[in-house]
Amino acid sequence: MIEPSTIAIGTLVAQSTGVGSASALITFLVYTLAVFAIAWLSNRLRQSKSFVSEYFLGSRSLGVWAFALTFAATSASGGSFTGFPSKIYSHGWVLAVWIASYMIVPICTMGLLAKRINQVARKTGAITVPDVLRDRFNSAPLGLMATLLIVFFMAFNLVAQFKAGSLILRTLLADVPLVDEAANLIGQLTHGTLLASPEGQVYQLCLFAFAAAVIIYTTYGGFHAVVWTDVMQGLVMVVGVLILLPLALIQVGGLENANEQLREMTPPRLGTARVVLDEPPTDDVVIHSATLFLVDRESNSQDALPRILRTSKTAVIRAGTGASAEVPVLEFTTPAVIERMHLALEEQQENRVLPPIDLDIIEMKDYASGARQPGVYLVGPGPEAEMTSGFLPLSVAISFFVMWAISGAGQPSNMVRLMAFNNTKTLRRAIITVSIYYTLIYLPLVAIFCCARIFLPGMEQEADRIMPAAAVTLTEDVGWAWLGGLLLAAPFAAVMSTVDSFLLMISSALVRDVYQRNINPEVSERSIKRMSYTVTCVVGVAAMLGAMHPPQFLQDIIVYTGSGLAACFLVPVALALYWPRYNAAGAIAGMVGGFFIHLALYLGGWQMFGTFRAYTPLGVDPIIWGLFVSFAISILTTLATAPPDESLVRRYFYVDDDAASTSTPS
Amino acid sequence: MKQAEHIPRRKLDPLFVHARREAIVILVVWVICLAWTTAVYWTWGLGRSPEEVEMYWGIPDWVFVGVVAPWVVVDIFSIWYCLVFMCDDELGHANEGLDLDEEVAQMHHADQDRVDD
């Protein structure tokens with residue numbers, strides 16, 4: 001196989017060859033060892049404590065750092081380090097508004113429910129969110145319904161997160177020879193079995209490695225392992241961002257300079273093409289992604305600038321054929337970028353060792369919104385390839401502001417953490433810590449990846465790789481290649497910290513909520529221990545198998561499950577904690593109402609658009625409709641049915657006069 | 001069975017009272033933030049000519065005023081809220097296993113009733 005000396009240039013070399021390197025592999029191995037060490041220590045710590053409370057809730061003993069960082073790391077899923085940078089890169093500064101709700105997320109998600117849910121859970125020793133609801137209303141059907149909803153949503157989400165973790169790992173380890181060899185071996189061993197994945201051998205290997213690491217440390221260490229690995233992962237994330245920020249600013253000559261260049265920048269044209277050779281080669285020819293091509297101007301073009309296109313995927317011209325299969329290509333449209341690319345392209349022409357390769361363009365399209373408009377990356381609604389309304393019209397901006405804060409508060413995985421801190425002093429300090437943490441993560445990310453448009457232009461069609469590509473480029477340019485490996489751990493840490501929490505959530509739902517609460521309340525400690533280990537492991541393996549053959553519309557499924565959980569749980573839990581008159585009928589109706597209206601909008605969207613996309617009446621996201629309906633039905637049903645039992649109200653909302661003096665202003 | 005409106009005069013749980021007051025303040029602040037950020041975006045950032053955009057500390061003016069500045073203000077508010085406004089409350093003893101014990105007791109009671117019948 002011949003690999004021509006491609007004309008991928010300068011910093012783009014990192015993209016063309018994948019970001020993989022020995023440092024990434026070493027980072028991953030060291031990181032995994034550290035995670036195992038934490039799990040081992042967590043298991044040792046657990047020996048003398050009550051098993052169920054300790055395994056699923058850490059004995060409600062979390063201090064400030066553990067509570068703050070596990071909360072922050074679980075909320076900041078893989079999306080924060082793959083999807084979010086990709087969106088910033090693709091749409092510009094408008095992402096600051098898209099994520100702006102995170103200014104208020106810590107105080108909303110922790111402050112709204114934390115004190116009460118922690119107190120209510122302690123009153124009866126509730127371990128899970130279904131436990132809390134079941135005990136609060138003394139209603140087994142409500143507890144069981146909450147459990148089923150959690151398992152339903154989380155199972156889909158877990159599969160999606162496993163795939164996301166594997167894709168990140170594949171990006172990090174791409175082109176590491178040892179990884180390729182191991183992938184080939186695994187591919188041969190699993191060929192024709194259930195374990196063979198249509199996603200490819202490297203994906204398969206990365207999925208095995210990712211799943212093995214998460215399943216082992218979560219199963220063995222339980223909640224404490226999840227929390228303390230979250231702490232480490234949270235630190236890796238924030239340190240990674242804080243190192244990237246100055247490097248990015250130095251690279252572009254300061255933020256103001258970067259914005260002056262963005263002021264001239266126009267969205268690229270996207271399309272597909274075949275790479276062609278004049279003479280069919282005698283051996284396969286590989287043309288890496290990020291290869292630049294100078295092509296003829298269109299006949300009706302008045303443009304004086306050369307026309308430069310960039311491939312976004314590796315193209316292979318098979319022996320005896322003259323052309324590759326179709327690959328996505330991108331055409332630069334910003335004059336300054338075209339000049340840079342042209343200069344570099346001319347310098348590299350001399351290194352070419354094969355007859356000239358050329359592009360046979362099949363189709364090129366302008367962006368639906370923002371095409372040929374300089375500076376669209378500096379203002380709203382931001383350029384958008386498919387939708388003429390732009391990336392962030394006002395209704396969508398409002399929906400996201402509501403969604404991040406409210407949806408975060410309604411996630412059962414967050415609620416469980418709110419049941420695990422040791423006292424309110426910890427809560428107060430943790431809210432401050434998470435507030436500062438998010439400020440240090442999200443605002444710098446916006447600046448970094450707006451700068452990335454300058455130093456890594458042309459990655460729109462592979463924007464999910466912008467984070468590792470930027471990390472490698474920035475560290476290599478200053479001669480700190482070793483640091484690239486550390487930075488690459490940040491997105492991996494983010495997705496791992498989410499997956500472990502979801503895994504434990506499903507396990508606790510099955511072991512505690514289904515078996516112990518509904519089937520055998522008198523099960524022995526020893527049996528429940530064995531069952532917890534087994535179920536956690538089995539759920540992890542099942543999710544891994546699901547991710548071998550992942551469903552379509554993965555990202556949409558993640559969004560659907562996250563918003564669906566909030567639509568089902570936020571209103572019932574909030575009213576259960578704050579409204580004494582609320583009853584089981586109201587909670588069940590609110591939960592069912594939120595679930596079905598949210599589902600109906602997605603099914604309606606499927607019917608209308610023929611794909612997994614929600615119908616949004618008045619431009620408002622399904623989560624907001626779900627919350628509204630859940631709230632309205634909860635209130636109406638509660639008022640139309642009998643008040644709750646007096647003993648329950650007394651237990652959860654009242655104290656004896658002599659016991660009422662237990663609080664102090666801070 | 002007695003109903004909720006017949007509860008004898010007792011004192012509301014102070015933690016419940018504090019948490020409710022604190023939650024109301026949070027909701028008010030959230031609404032203010034939503035209104036401020038989306039209003040600035042709507043009037044100053046959406047559909048504006050890029051030529052008009054000025055830079056404050058290297059950040060587009062509408063992003064600085066609509067997102068960065070309120071973000072810093074909310075951080076300062078959060079620090080004040082947590083250190084000054086929020087009360088320290090006693091969360092109470094964790095009655096580990098109480099719910100299960102109650103269920104087992106109810107179950108045995110029901111079994112006993114059946115045997116007696």
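Two residues are in contact if their C-beta atoms, placed from the backbone, lie within 7 Å. The legends below refer to a predicted model.

Figure 1. Among the contacts in chain A with a separation of 6 or more, 81% are accounted for by residues 24 or more positions apart. Chain A holds 24 helices and nine strands. Its radius of gyration is 27 Å, close to the 26 Å that the globule rule gives for 666 residues, so chain A is as compact as a globular protein of that length. The C-alpha trace of chain A spans about 90 × 50 × 45 Å along its principal axes. Buried residues make up 58% of the 666 residues of chain A.

**Figure 2. Domain arrangement of chain A.** The domain assignment places residues 10–257 + 380–653 in domain 1, while residues 268–365 form domain 2. Taken over C-alpha atoms, the centres of domain 1 and domain 2 of chain A are separated by 40 Å.

Figure 3. A:Phe293 is buried because 21 other C-beta atoms lie within 10 Å, and the cut-off for a buried residue is 20 or more. When neighbours within four places in sequence are left aside, A:Phe293 is in contact with A:Ile308, A:Leu309 and A:Leu359. A:Thr70 lies 223 residues from A:Phe293 along the chain, and 47 Å separate the C-alpha atoms of these two residues.

**Figure 4. The side of chain B that touches chain A.** Here 70 residues of chain B are in contact with 76 residues of chain A. The elements of chain B that give two or more residues to this side are the helices H1 (14–45), H2 (61–85) and H3 (98–116), together with the strands S1 (11–12), S3 (59–60) and S4 (87–88). H1(B) supplies the largest share, 18 residues. By class, the side of chain B that touches chain A comprises 41 nonpolar, 14 polar and 15 charged residues.

**Figure 5. Strand pairing between chain A and chain B.** Strand S8 of chain A, residues 654–655, is joined to S1(B) by two bridges. The two strands run antiparallel. Within this pairing, A:Tyr654 stands opposite B:Leu12 in S1(B). S1(B) is also one of the elements that give two or more residues to the side of chain B that touches chain A.

Note on methods: Residues are numbered from 1 along each chain as its sequence is written. Chains are lettered from A and ligands numbered from 1 in the order in which they are written. This is a predicted model: local features need pLDDT of at least 70, side-chain atom pairs count only at pLDDT 80 or more; totals for chains, interfaces and linings use all residues. Domain bounds come from an automatic or database domain assignment. A residue is buried if 20 or more other C-beta atoms lie within 10 Å of its own, exposed if 12 or fewer, and partly exposed in between; C-beta atoms are placed from the backbone. Helices (H or I, at least four residues) and strands (E, at least two) are DSSP runs, numbered from the N terminus. The radius of gyration is taken over C-alpha atoms; the globule rule is 2.2 Å times the number of residues to the power 0.38. Ala, Val, Leu, Ile, Met, Phe, Trp, Tyr, Cys and Pro count as nonpolar, Asp, Glu, Lys and Arg as charged, and the others, Gly among them, as polar. Two strands pair if DSSP finds at least two bridges between them.
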